[in-house]
Amino acid sequence: MSVARRLLVWYRAHRRDLPWRASSDPYAVWISEAMLQQTQVATVIPYYQRFMVLFPTVEALAAADVGAVLKAWEGLGYYSRARNLHRAAAVVVDGHGGSLPGSLDGLKRLPGIGPYMAGAIGSIAFGLPVPVLDGNVERVLARRHRIGDPIKQSATRKRLWQLAGELVPKTGSGDFNQAMMELGATVCTPKNPSCDVCPVSGDCAAFAFGDAGSYPVKSAKKPVPHHDIAVGLVEKENRILLVRRPEKGLLGGLWEFPGGRVEGGEGVADSVVRQLAERFGLEVETGTGLPPVSHAFTHRKVTLHPFHCNVLGGRVARTYHAEHRWVRRSELAGYPLPRAHQHIVRELEQGDLDG
Ligand code: SF4
C-alpha cells in the first residue's frame with residue numbers, strides 16, 4: 001500500500017471530530033484555515049463557532065464593519081488575519097460573484113492568502129492535487145527524510161514543499177493534506193512522537209535510525225527583546241480615553257489605552273506623563289498605578305505599566321494613532337482590544353467592584 005493510501009486509511013479511522021470538518025464549503029474552510037494559522041486547534045474551536053454565527057456567509061463578512069470583525073477576533077492574535085479576511089471577502093463578493101476562486105493562482109491573489117492557505121483551501125474545498133506545508137507537515141517530512149538543515153532556511157523549505165508535493169495523490173488530496181497535518185498534530189508530535197502507532201513508520205528514515213527527536217533541525221534562537229510600556233488611563237468627565245492603532249502593523253486597527261515605550265533610565269510614571277504630552281498632546285499628572293501586565297508576542301515581550309491619570313490641560317492631537325474616543329467604562333467591552341489591555345479593563349472593573 002502506498003504512503004498516501006496508508007495515511008488516508010489511518011486518517012479516516014482516527015481523525016478528530018472538529019467543527020470545520022463537517023463541511024467542505026470553501027468559505028468555512030477558508031475561515032478555519034485563517035484561524036488555525038499559528039494557533040492551536042483547541043483555541044480556535046470557540047472562535048470559529050462564534051465567527052460562523054456572526055458572519056455565516058462571505059456576503060455577511062463583506063458587509064460587516066471591520067471593528068465587528070476585529071471584536072470577533074479579539075484574543076486570537078495576529079489581527080492582520082482578520083483584516084485580510086474582511087478585505088478579501090469584499091473582493092470575493094465584488095469581483096467573483098460571492099464564490100471563492102477555485103484555482104491556486106486565483107486564491108493567492110486574495111488578501112492574506114499565501115502558499116499554505118491556497119494549498120489548504122485548494123485541496124480541501126476544491127480537490128486540487130496540491131500540497132500544504134505547515135509546522136506539522138514540516139516536522140513529519142523532516143523526520144521521514146532526516147533533513148539535517150534548519151527547516152526555516154529557504155532552500156530547506158523549497159525542498160519540503162517539493163517532498164510534500166511528491167506525496168499528494170491525484171484524488172483525495174484534501175483528506176491527504178489533512179491527514180499529514182493530523183499525523184503531525186497527534187502522532188508525530190514535537191516531543192515523544194508515538195512511532196509505535198504511526199501508519200508510515202515503515203517509510204520513515206528517523207524511525208529506522210531511532211533518532212526522531214533530532215528532527216526537525218532548528219536555527220539558533222535569537223534572544224527575544226523585552227520592552228516596558230507606560231500606559232495612561234486618562235479619565236475626564238467619567239469617560240476614559242481610547243486610541244485606535246494604525247491599520248497596518250502589530251495589533252493594527254485595535255483600540256487601546258494610550259502610552260508608549262519607556263526609555264532607558266526613565267521612571268514608568270514619568271514616562272506616562274511624557275508619552276501623553278509628546279504623542280497625544282495631553283498634559284497629565286499620574287495617580288495610582290495598576291498591577292503591571294506582561295504579554296509575549298512571537299518576537300518580543302512587553303510589560304505594561306498602567307497608571308490612572310488626571311488631565312491638566314491640552315486636547316488630544318492625532319499623532320501616530322488613527323482615531324481616539326472618550327468612552328464610558330461600561331462601553332469598554334464593546335471595543336476590540338489587545339489581550340493585555342483587556343486585562344487592564346478587568347483590573348479596572350475589579351477596582352470598581354472593590355471601590
Ligand atoms: Fe514521525 Fe515516528 Fe511516524 Fe516517523 S515513524 S513519521 S518520526 S511518528
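## A tour from pocket to strands to ligand

About 830 Å³ of space lies in the second largest pocket. A pocket is an open set of points on a 1 Å grid over the protein atoms alone, where a 1.4 Å probe fits, with protein on both sides within 12 Å along at least five of seven lines. The volume is the space filled by probe spheres set on the points, which are joined across faces, edges and corners.

Select Leu250, Leu251, His295, Phe297 and Arg300. Of the 38 residues lining this pocket, these are the closest to its centre. Lining residues have an atom within 4 Å of a point.

Before moving on: this is a predicted model, where local features need pLDDT of at least 70, side-chain atom pairs count only at pLDDT 80 or more, and totals for chains, interfaces and linings use all residues. Residues are numbered from 1 along each chain as its sequence is written, and side-chain values use heavy atoms, without hydrogens and water.

Now colour the lining by class. The lining has 17 nonpolar, 14 polar and seven charged residues. Ala, Val, Leu, Ile, Met, Phe, Trp, Tyr, Cys and Pro count as nonpolar, Asp, Glu, Lys and Arg as charged, and the others, Gly among them, as polar.

Which elements supply at least two residues each of this lining? They include helix H6 (80–96), strand S1 and strand S7 (301–314). Helices (H or I, at least four residues) and strands (E, at least two) are DSSP runs, numbered from the N terminus.

Next, select S1 (residues 226–236). S1 runs parallel to S7, joined by 10 bridges. Strands pair if DSSP finds at least two bridges between them. Find Gly232: Phe307 in S7 stands opposite. S1 also pairs with S4, antiparallel, over three bridges. There, Ile229 faces Arg261.

Follow S1 into the hairpin with S2. Two residues lie between the strands, and Glu237 takes a positive phi near 50 degrees. Lys236 stands opposite Arg239 in S2.

Select S2 (residues 239–244): five of its six residues are buried, meaning under 20% relative accessible area with a 1.4 Å probe, protein chains only. S2 pairs antiparallel with S8 (residues 323–327) over five bridges. Leu241 has Trp326 as its bridge partner in S8.

Last stop: the ligand. Select the residues around it, including Arg143, Cys188, Ser201 and Phe207; each has a heavy atom within 4 Å of the ligand. By class, this shell holds seven nonpolar, one polar and one charged residue.

Note on methods. Buried < 20%, exposed > 50% of the residue type's maximum accessible area, 1.4 Å probe, protein only.
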